[in-house]
Every structure is written in structure tokens, then in C-alpha cells.
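Hi,

Here is the structure I said I would pass on.

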Amino acid sequence: MSSRYIILVQLLVVLHLLRGIASKFEFTNIKCNSLDKEFDDFEYCYLKSVNRSYKYMSLKVNLYKIPITKVKVNFSLLKRFSGYKPFLYNFTVDACKFLSNRKSNPVVTYFHELFRAHSNMNHTCPFDHDIVLDKLSTKFVDQKITEVLPFPHGDYQLHTSWHAYGINRAEVDIYGTLSHNFEN
Ligand SMILES: *[C@@H]1O[C@H](CO)[C@@H](O)[C@H](O)[C@H]1NC(C)=O
Ligand SMILES: *[C@@H]1O[C@H](CO)[C@@H](O)[C@H](O)[C@H]1NC(C)=O
Ligand SMILES: *[C@@H]1O[C@H](CO)[C@@H](O)[C@H](O)[C@H]1NC(C)=O
Ligand SMILES: *[C@@H]1O[C@H](CO)[C@@H](O)[C@H](O)[C@H]1NC(C)=O
């Protein structure tokens, strides 16, 4: 499916389901799994609730075979109906190509912007250092999701698998809930 078609489908879903109701996003879980501990391992990977209004996730993956020059990432978004089912997005991106031209794919740009400012995955390849996601807060993601391009409410899972040189080295799953916020 072309990204233009996906955006059209998404807009139609939003028009049907959102109807101007304000939404609130919360992270509910994060899971990180190295599939090749000679290549990479997670130093930490957690979700932390500081108080009711401040919740964030952080992760750090140590890379043992630097520099890394070929990375592809599978992204799939799932939404819980009875069990998690594929929802709107399922694509593979050549991360090195994308990072050298961030305007090349609007859907990837959208996902990258959700974490770029809180990560050192902000430059072109090669990657010759550990990868960090630092205190990505629910509030930051909430603003990006609900103000820029709203989604229907529900429980979501973003599944990502990270391939270096054609081999799946790590998987990161991020879970979140988007609920209607009737207080607004
Ligand atoms: C939540 O914690 C943050 C960071 O410590 C602080 O800045 C904020 O004021 C706290 N909010 C509430 C409602 O306590
Ligand atoms: C994920 O990406 C890899 C590397 O490009 C590719 O070989 C594989 O088919 C993709 N898997 C899925 C489920 O899309
Ligand atoms: C994404 O697509 C790939 C290949 O087309 C498929 O194997 C995989 O199961 C899909 N993932 C989801 C979550 O639908
Ligand atoms: C990338 O992120 C790191 C760590 O936050 C920061 O020090 C660096 O200036 C950033 N580089 C770019 C090109 O934004």
C-alpha cells in the first residue's frame, strides 16, 4: 500500500470515530528483547511513573559490532479488539536510507518524530555508539498523536524488529492506550 493510501484510510477512520472528542494517550508497557547477544544487548528498558502527570520510557541498547552501516526496521501497529490485530501500518524501512533523506517517506517521518528529539538516533549512518531513548514522556507523545494526526481510541501495540545486515537482532514492543478525555 502506498503511504498516500494509508493516510487516506486513516483520515476516513478518524472522521468516523473521532468526531471532535479530545483524547489522551498513555504508555502502558515496553518490552525489549535482544535476539543476538553477541551483537547487542539492552542495558535498560523501562517505563516509569513519576506521578500522575509524568510518565516516561527510557531504553539503552549496547552495540558490540560497531560501526553499523546497514539497518532495516519492521514496524507494525496492532490494535486490540479480541487480541491484538494488525492496524493500518506494517512496513519495513531502510533506516540508513531514511536518515539520509528524512523527507523521503511521510509515514516514517511521522513515527520518527515521535521519538527523535529524545533519542540519539538523530543522525545518518553509521552508528558507532550505543542507542539511547531518553525519558520519552507520555505527554510528548500524546501531543504528537492527538494534536497532529488523531487516532481512534483503544489499546495499541507498536511492534518493531531491528535487522542489521539482514539478521533480526532485537525487538522492541511498545504498548499504549488512547482514551477519550471527556473532561476537556
Ligand atoms: C510530577 O513530577 C514532575 C517531575 O518531578 C514535576 O515537575 C511535576 O510538578 C509533578 N507533577 C505533579 C502533579 O506532582
Ligand atoms: C522485516 O525486514 C526484513 C529486513 O528487510 C525483511 O527481510 C523481512 O521480510 C521483514 N519482515 C516482515 C514481517 O515484514
Ligand atoms: C506484516 O506483514 C508481514 C509480511 O507481509 C507479515 O508476515 C506479518 O505477519 C505482518 N505483521 C502484522 C502485525 O500484521
Ligand atoms: C543527537 O542527539 C544527541 C543526544 O541527545 C545530541 O547530543 C546531538 O546534538 C544530536 N544531534 C543532532 C544532529 O541532532
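Leaving aside its neighbours within four places in sequence, which residues is Lys72 in contact with? Before the answer, the ground rules. This is a predicted model, where local features need pLDDT of at least 70, side-chain atom pairs count only at pLDDT 80 or more, and totals for chains, interfaces and linings use all residues. Residues are numbered from 1 along each chain as its sequence is written, chains are lettered from A and ligands numbered from 1 in the order in which they are written, and side-chain values use heavy atoms, with hydrogens and water left out.

Now Lys72. With those neighbours within four places set aside, Lys72 touches Thr92, Val93, Asp94, Ala95, Ser161, Trp162 and His163 (contact means heavy atoms within 4.5 Å). Lys72 sits in strand β4, residues 71–81; strands are DSSP runs of E with at least two residues, helices are runs of H or I with at least four, and both are numbered from the N terminus. From Lys72 to Ala95 the C-alpha distance is 5.4 Å, although they are 23 residues apart in sequence. Lys72 counts as partly exposed because its relative accessibility is 43% (buried is under 20% relative accessible area, exposed over 50%, partly exposed in between, with a 1.4 Å probe and protein chains only).

Lys72 also brings us to ligand 2. Around this ligand are Lys72, Asn74, Thr92 and His163 (a residue is near a molecule if one of its heavy atoms lies within 4 Å of it). An oxygen atom of ligand 2 is 2.4 Å from an N or O atom in the side chain of Asn74. On its own ligand 2 exposes 360 Å², and the protein buries 44% of that (areas come from the Shrake-Rupley method with a 1.4 Å probe; for residues, only the protein chains shown count as cover). The shell of ligand 2 has no nonpolar residues, three polar and one charged (Ala, Val, Leu, Ile, Met, Phe, Trp, Tyr, Cys and Pro count as nonpolar, Asp, Glu, Lys and Arg as charged, and the others, Gly among them, as polar).

And ligand 1? The residues around it are Val50, Asn51, Ser53 and Tyr54. Here an oxygen atom of ligand 1 lies 2.3 Å from an N or O atom in the side chain of Asn51. Taken alone, ligand 1 exposes 360 Å², of which the protein buries 31%. By class, the shell of ligand 1 has two nonpolar, two polar and no charged residues.

On to the overall fold. The protein has four helices and eight strands, running α-β-β-β-β-β-α-α-β-α-β-β from the N terminus. Of its 184 residues, 42% count as buried. Residues 24 or more positions apart supply 61% of the contacts with a separation of 6 or more.

The largest nonpolar core has 43 residues, with Phe111 and Phe151 making the most contacts inside it (such a core is a set of buried Ala, Val, Leu, Ile, Met, Phe, Trp, Tyr and Cys residues joined through side-chain atoms within 4.5 Å). Helix α3, residues 106–115, gives this core its largest share, six residues. Beyond its neighbours within four places in sequence, Phe111 is in contact with Phe75, Tyr89, Phe91 and Leu158.

Finally, Gln157, in strand β7 (residues 154–164). Gln157 is buried because its relative accessible area is 11%.

Cheers

Notes
Polar contact = N/O pair within 3.5 Å; in protein donor to acceptor, adjacent residues only side chain to side chain.
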